[in-house]
Amino acid sequence: MIIGVQGTRNFSDYNIFLRAMGTALSMREESDTEFIIYTAGPAHINSMSLEFSNISERSLKARGIKIRTHKVPPKWLKDNIKTLDYFAFFSKPKEPVSDLVDTAEAKDVEVGVYRY
């Protein structure tokens, strides 16, 4: 499974991030042996992605799943949006979503917007 992650500078709730990753994992087909996260920032969202990857690696490996995280620029994510199975966007309430959300929806990629 390949997911994209992006957020706003103001978002900082790691528990909400974990909820999104749980949602993504629950959508994974049993035949998927990889869980790849492409994170497009900002820096603290990248850090959350790397932390989740590091913490989850052992338990996922025991289930036969490899997890990897790659930091990518938003443009790369936009150009490769069709390859994603899920896109998660994180923000505070009343903050606008990025154009990646609209692009993902237009390309029929499952989108989760997490506002807290």
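Residues count as partly exposed when their relative accessible area lies between the 20% limit for buried and the 50% limit for exposed. Glutamate 34 falls in this class because its relative accessibility is 31%. The model is predicted.

Glutamate 34 takes part in a salt bridge. Its partner is arginine 68, and the closest N and O atoms of the two are 3.4 Å apart. The pair links distant parts of the chain. Glutamate 34 lies in strand S2 (residues 34–39), whereas arginine 68 lies in strand S3 (residues 66–71). The two positions are 34 residues apart. Arginine 68 has a relative accessibility of 37% and is therefore partly exposed as well.

The whole structure holds three salt bridges. Another of them joins lysine 75 to aspartate 79, at 3.1 Å from N to O. Both residues belong to helix H3. They are four residues apart, so about one helical turn separates them. An α-helix has 3.6 residues a turn, so residues three or four places apart point the same way. Lysine 75 is exposed, and aspartate 79 is also exposed.

Lysine 78 forms a salt bridge with aspartate 99, with 3.2 Å between the closest N and O atoms. Lysine 78 is partly exposed, because its relative accessible area is 38%. Aspartate 99 is likewise partly exposed, at 44% relative accessibility.

Helix H4 spans residues 99–106. Its buried residues are Leu100, Val101, Thr103 and Ala104. These four cover an arc of only 165° around the axis, so they sit on the same side of H4. Several elements contribute to the cover over these buried residues. Among them is helix H3 (74–79). Strands S1 (2–7), S4 (86–91) and S5 (110–115) are also included.

Aspartate 108 follows H4 and has a positive phi, near 60°.

Methods:
Residues are numbered from 1 along each chain as its sequence is written. This is a predicted model: local features need pLDDT of at least 70, side-chain atom pairs count only at pLDDT 80 or more; totals for chains, interfaces and linings use all residues. Side-chain values use heavy atoms; hydrogens and water are left out. Buried means under 20% relative accessible area, exposed over 50%, partly exposed in between (1.4 Å probe, protein chains only). The arc is that of the directions from the helix axis to the C-beta atoms. Contact means heavy atoms within 4.5 Å. A salt bridge is a side-chain nitrogen of Lys or Arg within 4 Å of a carboxyl oxygen of Asp or Glu.
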